[in-house]
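Open the structure in your viewer and get ready to select residues. This tour goes stop by stop.

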Amino acid sequence: MARPATGETKLRNVRVPDELWSAAMAEAKAEGRTLTDVIVSDLHRYVNRRRRERGALDGEAQRSGESDNHPK
């Protein structure tokens with residue numbers, strides 16, 4: 001049974017293949033986690049990694065005098 005809405009976060013809808021969803025549910029359950037916890041954790045990791053990568057690329061462009069891959 002699903003937890004009642006807390007109002008702290010907005011409910012989102014995503015499309016996920018059944019096989020992947022079932023496998024993810026099983027893994028989360030084996031870890032004693034909710035699938036929501038897994039998804040939110042992985043989204044945080046994804047966003048942080050992309051921001052770091054973009055920051056590294058932005059830093060390289062600034063050092064070489066370029067911006068957005070366009071020479072000045």
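The stops below cover a surface patch and then some salt bridges. Keep in mind that this is a predicted model.

**Stop 1: the nonpolar patch.** Select Val14, Trp21, Met25, Ile39 and Leu43 and show their surface. Together these residues make a nonpolar surface patch of about 470 Å². Now colour helices α1 (18-31) and α2 (35-63). Each of these two helices supplies at least two residues of the patch. Leu43, for one, sits in α2.

**Stop 2: the salt bridges.** How many salt bridges does a search of the whole structure find? The count is 5. The next stops visit some of them.

**Stop 3: Arg33 and Asp37.** Select this pair and show the side chains. They meet in a salt bridge, 2.7 Å from N to O. Arg33 is partly exposed, at 31% relative accessible area. Asp37 is also partly exposed, at 38%.

**Stop 4: Asp42 and Arg45.** Move along to helix α2, where these two residues lie 3 apart, about one helical turn. Asp42 is partly exposed, with a relative accessible area of 38%.

**Stop 5: Arg50 and Glu53.** Stay on α2 and select this pair. Here the salt bridge spans 2.8 Å, N to O. Arg50 is partly exposed at 38% relative accessible area. Glu53 is partly exposed too, at 34%.

**Last stop: a network.** Salt bridges with shared partners link Glu31, Arg33 and Asp37 into one network.

Methods
Residues numbered from 1 in each chain as written. Predicted model: local features only at pLDDT ≥ 70, side-chain atom pairs only at ≥ 80, totals over all residues. Heavy atoms only, no water. Patch = residues over 30% accessible without salt bridge, like charges linked within 9 Å, V, L, I, M, F, W, Y side chains within 5 Å. Areas by Shrake-Rupley, 256 points an atom, 1.4 Å probe, with all protein chains shown as cover. Salt bridge = Lys/Arg side-chain N within 4 Å of Asp/Glu carboxyl O. Helix = DSSP H or I, 4+ residues; strand = E, 2+ residues; numbered from the N terminus. Buried < 20%, exposed > 50% of the residue type's maximum accessible area, 1.4 Å probe, protein only.
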